Amino acid sequence: MTMSIRVVLVDPNHPGNIGAVARAMKNMGLSELHLVRPKAFPHAEATSRASGADDVLDAARVHEEFDDAIADCGFVVGTSARKRYLSFDLVEPRECAQLVAEAAQVGNVAIVFGSEKFGLLNVELSRCHRLVTIPTAGDYASLNLGMAVQVIAYEIMLATRTGAPPPPPLDVPFATAREMELLYEHFDRVLEEIEFRDRTGGGHLMARIRRLFNRARLDQNEMNILRGILTAVQSRRRTAGKTASS
């Protein structure tokens, strides 16, 4: 079975790092590289650092928007060296690789790496179903980009070559990242219409809703049910408004 596992680099600053990532990917049998707003690409330093993984670089897809890079993915994993995202489901590389191997048998998967300086921003993390962190010794947790990709890609290679039987086919595919964004936009509109406000005191209502559904991993039927409910709420409000004004 063909599996689609892509590596997504968001705002990579150094072309050499892009080449190092391509090399790490090819070492471990990955070939789908997506770049979001690379500072310099194509570039001779990227080709030099790729050390023969030119085919990965040549096939790399460049995007202006992060959402476009993950739009057709049903499972998105973000990466971070810091364990400050306490509201996210944190996993380590081995567990992450198992989740990726399973998800890739039923849909497209993205492993997302942030910029060398800042990592992933909150808006990018909000699109992720899981967050993976690479454990290191002591307080020095900084890995260069190529090294981080190598560790994750190695674990994915081990997980996908075990020969375990594939999971039973899904009756209904998981909702893609693009479909989930449409759901969140719909939620946001309805919450505004009914003047629903965050009562938890945190002030991050939509972020909490995103985390809730990212953990649940909705399939397309479940997503359509929710959108149907939201549409019904809108319809009832409009009907009630007309009745009140007549």
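## Overview

The model is predicted. The count of salt bridges in it comes to seven.

## R37 and D11

R37 and D11 form a salt bridge in which the closest N and O atoms are 2.8 Å apart. The two residues are 26 residues apart and belong to distant parts of the chain: R37 is in the loop between β2 (32-36) and α2 (44-50), D11 in the loop between β1 (5-10) and α1 (15-27).

R37 has a relative accessible area of 29% and is partly exposed. D11 is also partly exposed, at 25%.

## E155 and R94

In the salt bridge between E155 and R94, the closest N and O atoms lie 2.8 Å apart. This pair links helix α7 (residues 145-160), which holds E155, with helix α5 (residues 93-103), which holds R94; the partners are 61 residues apart.

E155 is buried, its relative accessible area being 10%, whereas R94 counts as exposed at 55%. The cut-offs are under 20% for buried and over 50% for exposed.

## R127 and E181

R127 and E181 meet through their side chains in a salt bridge of 3.2 Å, N to O. Because R127 lies in the loop between α6 (122-125) and β7 (130-132) and E181 lies in helix α8 (residues 177-193), the pair ties together parts that are 54 residues apart in sequence.

R127 counts as buried at 14% relative accessibility, and E181 is buried at 8%. Through salt bridges that share partners, R127 and E181 join D67 and R210 in one network.

Definitions and conventions:
Residues numbered from 1 in each chain as written. Predicted model: local features only at pLDDT ≥ 70, side-chain atom pairs only at ≥ 80, totals over all residues. Heavy atoms only, no water. Salt bridge = Lys/Arg side-chain N within 4 Å of Asp/Glu carboxyl O. Helix = DSSP H or I, 4+ residues; strand = E, 2+ residues; numbered from the N terminus. Buried < 20%, exposed > 50% of the residue type's maximum accessible area, 1.4 Å probe, protein only.
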